[in-house]
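User: Can you walk me through this model? I'd like domains and copies, briefly.

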There are 2 protein chains.
Amino acid sequence: MAERTDYEIFEIPEFTLECGTTLRPARLAYKTYGTLDADRSNAIVYPTWYSGRFWENEWLIGPGMALDPERWFIIVPNMFGNGLSSSPSNTPPPQDRARFPRINVRDNVEAQYRLVTEQFGIEHLALVTGWSMGAGQTYQWAVSHPDMVRRIAPFCGSSKTSLHNIVFLEGVKAALKADGAYQGGWYTEQPVGGLRAAARVYAGWGFSQAFYWNEVYRQLGFTSLEDFLVGFWEGFFLDGRDVNNLLCMADTWQQGDVGATPGFAGDVTRALASIRAKALIMPAEKDLYFPPEDERWAANHIPDAEVRVIPGVWGHFAGGGANPDDTRFIDEGIAELLAAEGAPLG
Amino acid sequence: MAERTDYEIFEIPEFTLECGTTLRPARLAYKTYGTLDADRSNAIVYPTWYSGRFWENEWLIGPGMALDPERWFIIVPNMFGNGLSSSPSNTPPPQDRARFPRINVRDNVEAQYRLVTEQFGIEHLALVTGWSMGAGQTYQWAVSHPDMVRRIAPFCGSSKTSLHNIVFLEGVKAALKADGAYQGGWYTEQPVGGLRAAARVYAGWGFSQAFYWNEVYRQLGFTSLEDFLVGFWEGFFLDGRDVNNLLCMADTWQQGDVGATPGFAGDVTRALASIRAKALIMPAEKDLYFPPEDERWAANHIPDAEVRVIPGVWGHFAGGGANPDDTRFIDEGIAELLAAEGAPLG
């Protein structure tokens, strides 16, 4: 899909990151859907996922859906590193490309917080929701701003990146970097060999064993396994994705850990226990890198949390919007959560 | 570990492969343990696995174990492509390196069959067993030679490589090839960047999510996740492994399919139904590329088969010999199988 330009930029002139470096400025690209109420009580934040752009969140937004722009004011902030917000690919020298600083999940949430409060004057969020790394940002919102977030619906993600997940990402990163054209990040043309290799590495993780066994990729219009690997996966990685950007976001992902929020001294269970938002957590039954058992563990530490497993064979991509059954499941969950009383206003 | 040289070579002067090419000669490296009975009834074949050498099978052989050389005559044939039997790395021009022909699981079994019958005059095998690709060869033995194989104990493997497993291997292959030093297979030094990248890709697959969650790698003496990734995984791939060899064996693995045996017209269920051997199938509970459900499916088509799942978090490497509990489980299963009446002599 061609890049879209219908978005806004929130610029923070000097934005000091958790790693100690300052972006001058940080640029947060975002798009809103719907209208903010007079009392500013109908705002929802819906962050993007690994390599996702705002338009790739839109499948969960629409008339008649839980995220209905007629009812809600939905803000989709783009993650740093995704190529629209500040990223290795779009930051001028000297902080460009391989010198782009390390970004933490908390850096994303802090920039989003400033957008929400400074730009829109919003004091409470009806909901934060997101898929995958978007779920990670969702958890971080609830921990960083417990009195502000009334509900959270993280799906196919986690509050702390598991060691296995870190290892999976090591494989993706190693494939991206193995291409000699990568040149330590100083390439002048995309190292497409690395992008294609990473796509093939990712392919086995994104969908479940049973998805492939049942050749469900045929439902997406692909006519053979190789057709799917090239058409879907290589196409996905070649669709405007940049290697340094992918490495930047993988690093953000690997660092994900609400326990590292200041005040919790690395104790993730204590951080989870501090969440005041009402939580509906939706892992996918056969997600290979965010398995439901991990999310059950997290839910046990959150005061008001329900785990509702998305059934079926789509694995992680149950949350990607390509399977109508899964989309309906997630949409219904969010609708129910929004209809329920959230955490009291702080 | 240093390469060992204490093995024999069975040479087949002209060995025509299923792909149509002829190796002149094919060299099958093997090692035997124990003594063949006068009536030649105590022979066991125990093939190697992806990248494994005969000495890496020895953890399951020993006094007091099921595979006791005092009782059994155990033949460990090395798979083509493993660097000891005919391989890209050890075949002289013009069939060397990138020109080494494609090898099928059936080619391995055929060469092993000729070794067993021509070299040793063996007419029946008490057992064929193996881990991973060794399990694939085990199934192929039972289908290709139903009247010869009395028992099979495939563990952590499959009779037909699943589509998901093929995808997982695509990721490994892509990482190996992404290194520019690979040069289409015509490298003069090992492309170690590709080997290290493939090691990181493999790391997430070899052990389960829970293995990493519980940091079980500490039991193996590794002191951090990165220590494990470098010390175990990169060390594993750098331990005498050759990129062309790894690609050759990955191709063999991807082609695995007993249904493609002549006479079955691609019908894997009919091929499984033809097995006369008594089968004890041992998948590992959390194996990410040979999940137990796939093996239950296979067992449903084999006349005399039991599935016994290896419990625990070690995933695929439950069958690798590094965890004493898993080794005991497999050893006890094989002991029980050997004590039971096998298929009648054909």
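Analyst: A term to begin with: a polar contact is a pair of N or O atoms within 3.5 Å; within protein, one must be able to donate a hydrogen and the other to accept it, and residues adjacent in sequence count only if both atoms are side-chain atoms. By that rule, twelve residue pairs are in polar contact between domain 1 of chain A and domain 2 of chain A (both at pLDDT 80 or more). The model is predicted: local features need pLDDT of at least 70, side-chain atom pairs count only at pLDDT 80 or more, and totals for chains, interfaces and linings use all residues. Residues are numbered from 1 along each chain as its sequence is written, chains are lettered from A and ligands numbered from 1 in the order written, and side-chain values use heavy atoms, without hydrogens and water.

User: Where do the domains of chain A run?

Analyst: Domain 1 covers 8-162 + 257-339, and domain 2 covers 165-250. The bounds come from an automatic or database domain assignment.

User: How many salt bridges between domain 1 and domain 2 of chain A?

Analyst: Two. A salt bridge here is a side-chain nitrogen of Lys or Arg within 4 Å of a carboxyl oxygen of Asp or Glu. R241(A) forms a salt bridge with E56(A), closest N and O atoms 3.3 Å apart.

User: New topic. What rotation superposes chain A on chain B?

Analyst: 180°, with 0.0 Å of shift along the axis and RMSD 0.0 Å. That is the relation of a two-fold axis. The superposition is by least squares on C-alpha atoms of residues with pLDDT of at least 70 in both copies.

User: And what share of chain A's contact residues recur in chain B?

Analyst: 100%; the same surface serves both copies. Contact means heavy atoms within 4.5 Å.
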